[in-house]
Amino acid sequence: MQELIAKRRRLLNELMKCSNFVRGSINSVCAKCNRSHCICEVQTSKRVYRLTYKNSEQKTRIVYIPEAKMPKIRKMIANYSKARKITEQIIETNIQIFKKENRKS
Ligand SMILES: [Zn+2]
């Protein structure tokens with residue numbers, strides 16, 4: 001039992017480490033016409049990057065990402081998938097704790 005509680009504490013610490021997370025996907029559009037498939041007469045190679053995500057009301061939102069911040073936002077997206085995996089492990093641990101508690105009473 002103590003082991004399980006220690007395990008949960010460990011998982012929560014790991015979750016803290018990746019708490020700076022966002023959910024969404026990164027895509028790029030033409031800097032001039034704002035489309036993923038450029039329709040400009042004179043096409044440039046200039047692209048802008050953006051994060052598309054759904055807010056709590058399931059509405060699609062777009063945030064433009066300065067190129068210098070791309071590594072940071074990629075890390076934040078990676079943190080989200082880590083956080084999800086850790087959350088799954090916490091759930092599993094909590095189930096085990098719950099079962100043990102039931103056996104005792
Ligand atoms: Zn364009």
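**Exercise 1. Contacts and overall form**

Among contacts in the protein chain between residues at least 6 apart in sequence, what percentage join residues at least 24 apart?

*Solution.* Residues are numbered from 1 along each chain as its sequence is written. The model is predicted: local features need pLDDT of at least 70, side-chain atom pairs count only at pLDDT 80 or more, and totals for chains, interfaces and linings use all residues.

Step 1. Two residues are in contact if their C-beta atoms, placed from the backbone, lie within 7 Å. Of the contacts in the protein chain between residues at least 6 apart in sequence, 52% join residues at least 24 apart.

Step 2. List the elements. The protein chain contains 2 helices and 3 strands, and from the N terminus on their order is α-β-β-β-α. Helices (H or I, at least four residues) and strands (E, at least two) are DSSP runs, numbered from the N terminus.

Step 3. Compare the chain with a globule. Its radius of gyration is 21 Å, well over the 13 Å that the globule rule gives for 105 residues, so the protein chain is more spread out than a compact globule. The radius is taken over C-alpha atoms, and the rule is 2.2 Å times the number of residues to the power 0.38.

Step 4. Along the principal axes, the C-alpha atoms of the protein chain fill a box of roughly 75 × 25 × 15 Å. Of the 105 residues, 3% count as buried; a residue is buried if 20 or more other C-beta atoms lie within 10 Å of its own, exposed if 12 or fewer, and partly exposed in between, with C-beta atoms placed from the backbone.

**Exercise 2. The sheet**

Determine the strand order of the sheet and identify residues that face each other across it.

*Solution.* Step 1. The 3 strands form an open sheet in the order β1-β2-β3, with antiparallel pairing. Two strands pair if DSSP finds at least two bridges between them.

Step 1. Find the edges. β1 (25-30) and β3 (60-65) each have a single partner strand, so one side of each is left without a neighbour in the sheet. From one strand to the next, the twist averages 35 degrees; axes are lines fitted to C-alpha atoms, for helices over the stretch in contact, and angles run from 0 to 180 degrees between N-to-C directions.

Step 2. Examine β1 with β2 (residues 47-54). These antiparallel strands are joined by 6 bridges. S25 stands opposite T52 in β2, and V29 has V48 as its bridge partner there.

Step 3. Examine β2 with β3. Their antiparallel pairing extends over 6 bridges, and Y49 has I65 in β3 as its bridge partner. The two strands form a hairpin with 5 residues between them.

**Exercise 3. The loops**

Which phi values do N34 and Q58 have, and are these residues buried or exposed?

*Solution.* Step 1. Most residues other than glycine have a negative phi, and most peptide bonds are trans.

Step 1. N34 is found in the loop between β1 and β2. Its phi is positive, about 65 degrees, although N34 is not a glycine. N34 is exposed because 11 other C-beta atoms lie within 10 Å.

Step 2. Q58 lies in the loop between β2 and β3. Phi of Q58, also not a glycine, is positive and near 65 degrees. Q58 counts as exposed because it has 6 C-beta neighbours inside 10 Å.

Step 3. Consider Q43, which lies in the loop between β1 and β2. Q43 is exposed, with 11 other C-beta atoms within 10 Å. Q43 and K100 are 57 residues apart in sequence and 65 Å apart in space, C-alpha to C-alpha.
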